[in-house]
Amino acid sequence: MIRVTFISADGERRQEVDALAGSVLLDVAQAAGQPLEGTCEGQMACSTCHVIVDAADFDRLPRASEDEEDMLDLAAAATRTSRLACQIMLDGKLDNLTVHIPSESYNMQGM
Ligand code: FES
């Protein structure tokens, strides 16, 4: 199992979940009730699955593809450690991954 910690946009709520190796971060987040829309279902066409990876964990992730980088350029509130959750496949190297939910995803859900 791979432990993933989600931190809410306001930093107040922390949720730890255990995911199976091979699962996609977006699916894990949605199953945990995190407010990521993932409108295009992993087609890299929406950026609503944007998450901000904890700076301490960022270098453990495989690099983003050019298509992902292009889409991240369009994401609101993107930072240097932003990624698209639909492009992150969890494996043993990513155990104890911490990701922050950007505040915009709350707005899109009307929260
Ligand atoms: S779900 Fe659309 S880019 Fe990730």
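Predicted model: local features only at pLDDT ≥ 70, side-chain atom pairs only at ≥ 80, totals over all residues.
1. A salt bridge here is a side-chain nitrogen of Lys or Arg within 4 Å of a carboxyl oxygen of Asp or Glu.

2. R3 has another partner to look at: E16, with the closest N and O atoms 2.8 Å apart. Strand 1 covers residues 2–7 and strand 2 covers residues 14–19, so the pair of R3 and E16 joins parts that are 13 residues apart in sequence. Taken together, R3, E16 and D18 form a network of salt bridges.

3. How exposed are the members of this network? R3 is partly exposed, with a relative accessible area of 28%. E16 is also partly exposed, at 46%, and D18 is partly exposed at 42%.

4. The structure holds 6 salt bridges. Another one to find is between the side chains of D91 and K93, at 3.6 Å from N to O. Here D91 is partly exposed, with a relative accessible area of 27%, whereas K93 counts as exposed at 60%.

5. Finally, please turn to the surface, where E66, D67, E69, D70 and D73 gather in a patch of negative charge. E66 belongs to helix 3, which spans residues 66–74. With a relative accessible area of 65%, E66 is exposed, and patch members need over 30% and no salt bridge.

Notes
Residues numbered from 1 in each chain as written. Heavy atoms only, no water. Patch = residues over 30% accessible without salt bridge, like charges linked within 9 Å, V, L, I, M, F, W, Y side chains within 5 Å. Areas by Shrake-Rupley, 256 points an atom, 1.4 Å probe, with all protein chains shown as cover. Lys, Arg positive; Asp, Glu negative; His and termini not counted. Charge placed at Lys NZ, Arg CZ, Asp CG, Glu CD. Helix = DSSP H or I, 4+ residues; strand = E, 2+ residues; numbered from the N terminus. Buried < 20%, exposed > 50% of the residue type's maximum accessible area, 1.4 Å probe, protein only.
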